[in-house]
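Please open the model and follow these points with the structure in view. Each one takes up a single theme.

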Amino acid sequence: MKKYILFLQAVVLVLLASACSSTPGYTIQGIATNPAFEGKTVYLKDAYNNQIVYDSVTVKGGKFQFADTTAISEPYVRVLSLHLSEGGLDYRLPVIFENGSIEATLGDIVGVVGTKTNDKLQDFLRAVDEYSATCTNKSVEDIKTGFADLLKQHILDNSDNQVGVYIFKSYPSALTDALKQSIKKEAGEWFNKQVE
């Protein structure tokens, strides 16, 4: 019994130490999977205004990193953007900035994981990809309706965090005015303040 109590005390101490030692701020460990990205610039841009650039780094050895040790009290959204060439494809990946270590991948597949809210954002991005794969042989109207339903579901599932706000603000043309009002009615006070 004594050994068991000592073991429990040791576990509690380890848990307390790890909780107290977590550093504030964020680190984004980025991977650029396409060899053509080497030496290119990854920009950290405003999520809703592509002209606002906050920072930039160069891809070296297929990797890039953004970091700041300032504690984040309220998570916010930014976009990682990589422009491959004139007239070429722009790679854009939304990221929720919150305290913790975030992993971002830019390439044929884009993704972001590592913190609770970024995992939720990745669930949404994956759902959009999966929906796109089902759109063959559907009418344009059915595709629009299905996509609007998908957006509404993910907005309401995330109406208490920045993922829902990002989706609502980033896909305005996919949501009718009536659907926007319905979402606002169901989403609650915090969400409505964020999207005003």
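1. **Aromatic pairs.** The count comes to 9 aromatic pairs. The rule takes rings of Phe, Tyr and Trp (its six-membered ring) whose centres lie within 6.5 Å; planes under 30 degrees apart are stacked, over 60 edge-to-face, and the rest tilted. This is a predicted model: local features need pLDDT of at least 70, side-chain atom pairs count only at pLDDT 80 or more, and totals for chains, interfaces and linings use all residues. Residues are numbered from 1 along each chain as its sequence is written, and side-chain values use heavy atoms, with hydrogens and water left out.

2. **F37 and Y91.** How far apart are the ring centres of F37 and Y91? They are 4.9 Å apart, with 75° between the planes, and the pair is edge-to-face. F37 sits in the loop between β1 (26–32) and β2 (41–46), while Y91 belongs to strand β6 (residues 90–97), so the pair ties together parts 54 residues apart in sequence. Helices (H or I, at least four residues) and strands (E, at least two) are DSSP runs, numbered from the N terminus. Both F37 and Y91 are buried. Buried means under 20% relative accessible area, exposed means over 50%, and partly exposed is in between (1.4 Å probe, protein chains only).

3. **F124 and Y171.** This pair is also edge-to-face, because its planes stand at 75°, with centres 5.9 Å apart. F124 lies in helix α2 and Y171 in the loop between α4 and α5, so parts 47 residues apart in sequence are tied together. F124 is buried, at 0% relative accessibility. Y171 is partly exposed, at 23%. Ring pairs also link F124, Y131, F147 and Y171 into a cluster.

4. **Charges over rings.** Look at R78: its charged end sits over the ring of Y54, 3.9 Å from the centre. The charged end of K169 sits over the ring of Y48, at 4.8 Å from the centre. The test asks for NZ of Lys or CZ of Arg within 6 Å of the ring centre and within 35 degrees of the ring normal.

5. **Salt bridges.** How many salt bridges does the structure hold? There are 3 salt bridges. Each needs a side-chain nitrogen of Lys or Arg within 4 Å of a carboxyl oxygen of Asp or Glu. D123 bridges to R126, with the closest N and O atoms 3.3 Å apart. These two are 3 residues apart in helix α2 (residues 116–133), which means about one helical turn separates them. An α-helix has 3.6 residues a turn, so residues three or four places apart point the same way. D123 is partly exposed at 41%, and R126 is partly exposed at 39%.

6. **The other two bridges.** E186 forms a salt bridge with K152, with closest N and O atoms 3.3 Å apart. This one links distant parts of the chain: E186 is in helix α5 (residues 177–187) and K152 in helix α3 (residues 140–157), 34 residues apart. K152 is partly exposed, at 22%. K193 pairs with E189 at 3.2 Å between the closest N and O atoms. They are 4 residues apart in helix α6 (residues 189–195), about one helical turn. K193 is exposed at 52%, and E189 is exposed at 59%.

7. **Helix α5.** Which residues of α5 are buried? They are L179, K180, I183 and A187. Seen down the axis, the buried residues of α5 fall within an arc of 100°, so they line one face of the helix. The arc is that of the directions from the helix axis to the C-beta atoms. On the other side of α5, D177, A178, Q181 and K185 are exposed. The cover over the buried residues includes α3, α4 (162–170) and α6. After α5 comes G188, with a positive phi near 100°.

8. **Strands.** β2 and strand β3 (residues 53–58) pair in the antiparallel sense over 5 bridges. Two strands pair if DSSP finds at least two bridges between them. V42 has V57 as its bridge partner in β3. A hairpin of 6 residues joins β2 to β3.

9. **S81.** Is S81 buried or exposed? S81 is buried, at 4%. It lies in strand β5 (residues 76–83). Leaving aside neighbours within four places in sequence, S81 contacts T41, V42, Y43, K45, Y91 and R92. Contact means heavy atoms within 4.5 Å.
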